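Please look through the structure below before reading on.

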Amino acid sequence: MSEDMEIALVSEPVRAPARRKTSSARTLTEIRSLARSHTRTALRVLVGIMRSDDATPAARVSAANAILDRGWGKAAQPVENGEDRVLELIHRIERIIVYPASLRDADAGMTPKP
């Protein structure tokens, strides 16, 4: 074999065989499973940071919050009624769903019953 031919053979990129595409749901499930397999280690790292005197106060608080969120869930965030009055609209929709007859009574001039 000539030297030019050997160089050409060596310099060509090696291509992997084409793989079947997996569904994104399967991929996400695999990623979740892999991430969950590291839960114990991640929690130990967070506890280590939280307890470390060398860590900054911000890092310690962040680690503590992450631990609490995973153990107890995130705290509910209050919804504020802004200028667009979204909260009032949400409450009205809830009343219509829960007490549909009260809307008809209000339209007829009757006092709605809770």
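The points below go from the overall chain to one helix pair and then to one residue.

This is a predicted model, in which local features need pLDDT of at least 70, side-chain atom pairs count only at pLDDT 80 or more, and totals for chains, interfaces and linings use all residues. Residues are numbered from 1 along each chain as its sequence is written, and side-chain values use heavy atoms, with hydrogens and water left out.

**The whole chain**
- The protein chain has 6 helices and 0 strands, where helices (H or I, at least four residues) and strands (E, at least two) are DSSP runs numbered from the N terminus.
- Of its 114 residues, 4% count as buried, and buried means under 20% relative accessible area, exposed over 50%, and partly exposed in between (1.4 Å probe, protein chains only).

**Helix 3 and helix 4**
- The axes of helix 3 (residues 39-51) and helix 4 (residues 57-72) come within 8 Å and cross at roughly 140 degrees, the axes being lines fitted to C-alpha atoms, for helices over the stretch in contact, with angles running from 0 to 180 degrees between N-to-C directions.
- The two helices are therefore oblique to each other, since angles under 35 degrees count as roughly parallel, over 145 as roughly antiparallel, 65 to 115 as roughly perpendicular and the rest as oblique.
- Leu43, Leu46, Val47, Ile49, Met50 and Arg51 in helix 3 meet Ala59, Arg60, Ala63, Ala64, Ala66 and Ile67 in helix 4, where contact means heavy atoms within 4.5 Å.

**Val47**
- Val47 lies in helix 3 and is partly exposed, with a relative accessible area of 24%.
- The C-alpha atoms of Val47 and Ala63 are separated by 7.0 Å, although these residues are 16 residues apart along the chain.
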